[in-house]
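Subject: A structure for you to explore

Hi there,

Here is the structure I promised to pass on. Please open it next to this email and follow along as you read.

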Amino acid sequence: MTAPANAAALRAIPSVDRVLREVAEVALPRPLMVAFVRRELDAVRAEAAAGGSWEAGSIIQRVRERLHALARQRIGPVINGTGIIVHTNLGRSPLAEEAVTAIADVAAGYSSLEYDLTEGSRGGRGSYVEQQLAIVSEAEAATVVNNCAAALVLILRHFASPQRPAVVISRGELVQIGGGFRIPDILEASGATLREVGTTNHTTIDDYRRAIDDRTGLVLKVHRSNFYMAGFVESPSTQALSALARQRGVPLVEDLGSGATFPTESLGGEEREPTPAEVLRDGVDLVAFSGDKLLGGPQAGILAGSREHVSALKKNPLFRALRCDKLVLAGLQATLDLHLGDRADEVPILAMMRMPLEVLRERADRLVDRLDTLPLKVQVGEGLARMGGGSLPRTVLPSVTLEVAPTDGDAGGLAARLREGTPPVIACLGNGRVKIDLRTVLPRQDDALATALFAAAGGGA
Ligand SMILES: *Cc1c(COP(=O)(O)O)cnc(C)c1O
């Protein structure tokens with residue numbers, strides 16, 4: 001039997017106070033640390049009672065590692081050296097300075113969120129932002145909810161009624177966007193029934209014509225934002241589909257995803273992301289897109305289209321559960337002011353996309369000079385940046401990288417130390433080197449990047 005070993009293991013469990021003294025380097029609030037350490041020691045006690053053998057040193061080491069892991073789970077700023085501009089795991093779009101200030105101003109005090117300053121009484125929430133969105137989208141009306149997924153759920157719940165539950169959609173558009181967002185699952189969760197038409201690569205207007213009947217709640221088009229199909233591919237034009245939907249008296253809705261408000265072919269790729277205005281002009285009744293993809297604002301889901309549909313959606317009880325908070329509205333309002341004021345260049349993701357190679361090279365040269373004294377080989381390299389966020393999958397933007405070769409040859413180790421720095425730097429690995437794409441490093445972060453490299457290389461700042 002293991003009873004004596006267990007007794008030894010149980011006796012080896014250190015006190016909470018002792019562990020806290022040992023892990024004093026972790027800077028988390030004390031009550032949180034106490035509670036966390038207590039839980040960890042309880043878990044060790046349970047394991048010891050079940051036969052595990054432990055000694056004090058290894059227990060303290062385990063708690064220390066878990067506390068460090070906990071501290072690293074805190075959300076905080078990082079330097080994005082991946083070259084992926086709208087990086088979903090890194091928070092998608094960084095906000096413009098004006099948007100940040102606007103959020104801080106509204107956050108720190110009271111605001112006119114739902115107050116009519118003319119009447120001195122309750123007013124409409126987000127009325128100004130709705131006007132801005134309608135103008136940017138060239139729509140009769142627009143409104144906003146928490147994200148594009150929420151916009152889609154609202155649309156489905158509203159138009160797919162028990163009498164008309166069917167959503168007609170092409171098999172070529174039953175897509176997955178990023179982690180855990182699958183169009184068929186969203187449809188099902190919204191209580192709609194899926195009426196698939198066509199095939200993966202080929203859907204005709206006749207396929208739609210045959211599928212639309214008196215059970216149809218809406219026709220849904222989903223923009224293939226994060227992949228492309230080539231070869232024997234056909235789908236009807238939006239104009240043709242809209243004429244059919246109108247004739248049958250069912251709404252045509254398009255989930256556009258990215259929401260580019262500028263001509264994306266100007267980025268040099270061949271890809272043209274349709275804008276919300278174009279899609280509406282082609283006859284779509286309602287379009288949905290994200291606020292934090294190509295618009296470069298905070299996380300939001302924008303709905304634009306006919307006044308009748310938008311106002312009906314706003315009256316749906318679900319709208320109340322999906323509406324944005326004041327911080328998002330303030331950030332979106334400031335971002336849209338930039339777009340509408342011909343100052344879109346101040347939106348960080350647009351500035352990144354358009355940053356000339358010469359400017360990136362100058363920044364890289366300056367950084368290489370500064371890092372001269374480090375025990376690392378740092379040189380300027382070429383990179384290929386991408387839009388990310390499920391947008392423009394074929395567009396690559398030529399870029400400039402810092403390529404760092406550690407003298408010990410352990411690039412993975414250096415990348416790990418960079419991730420553990422303050423702020424963490426997220427880099428890529430290739431050819432035994434750490435590569436940091438400067439297109440996604442905000443220019444104001446160049447100093448912090450140099451400091452982080454010094455720290456990770458053990459060169460001292
Ligand atoms: C990104 C995307 C979504 C989801 O948008 P969120 O704002 O992340 O909810 C939905 N549809 C399409 C086509 C997308 O590209």
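**Before you start**

This is a predicted model, so local features need pLDDT of at least 70 and side-chain atom pairs count only at pLDDT 80 or more, while totals for chains, interfaces and linings use all residues. Residues are numbered from 1 along each chain as its sequence is written, and side-chain values use heavy atoms, with hydrogens and water left out.

**The whole protein**

The protein has 18 helices and 16 strands. Both are DSSP runs numbered from the N terminus: helices are H or I with at least four residues, and strands are E with at least two. Along the principal axes, the C-alpha atoms fill a box of roughly 80 × 60 × 60 Å. Of the 461 residues, 48% count as buried. Here, buried means under 20% relative accessible area, exposed means over 50%, and partly exposed is in between, using a 1.4 Å probe and protein chains only.

Val37 counts as buried because its relative accessibility is 0%. Its C-alpha atom is separated by 47 Å from that of Leu256, which is 219 residues away along the chain.

**Around the ligand**

Which residues are around the ligand? They are Arg92, Asn147, Cys148, Ala149, Ile177, Phe181, His223, Ser225, Asp255, Gly257, Ser290 and Lys293.

- An oxygen atom of the ligand is 2.8 Å from a polar backbone atom of Ala149.
- A ligand nitrogen atom is 2.6 Å from an N or O atom in the side chain of Asp255.
- An oxygen atom of the ligand is 2.8 Å from an N or O atom in the Lys293 side chain.

On its own the ligand has 390 Å² of accessible area, and the protein covers 94% of this. These areas come from the Shrake-Rupley method with a 1.4 Å probe; for residues, only the protein chains shown count as cover. Helix 7 (148-159) and strand 9 (252-257) are the elements that give two or more residues to the shell.

**Strands that pair**

Two strands pair if DSSP finds at least two bridges between them. Strand 8 (residues 216-222) is largely enclosed by the rest of the structure, because seven of its seven residues are buried. Strand 8 runs parallel to strand 6 (residues 166-170), with three bridges, and Val168 stands opposite Val219 in strand 8. Strand 8 also runs parallel to strand 9, joined by four bridges; there, Leu220 stands opposite Val253.

Elsewhere, strand 12 (residues 376-388) and strand 13 (residues 391-406) run antiparallel and share 12 bridges. One example is Lys377, whose bridge partner in strand 13 is Ala405. The hairpin of these strands has two residues between them, and Gly389 there takes a positive phi near 60°.

For Cys148, the nearest cysteine sulfur is that of Cys324, 12 Å away. Cys148 counts as buried because its relative accessible area is 9%.

Finally, the peptide bond from Thr422 to Pro423 is cis, with omega near -5°. Pro423 is in the loop between helix 17 (411-419) and strand 14 (425-426).

Enjoy exploring!

Methods. Near = heavy atom within 4 Å. Polar contact = N/O pair within 3.5 Å; in protein donor to acceptor, adjacent residues only side chain to side chain. Disulfide = S-S within 2.5 Å.
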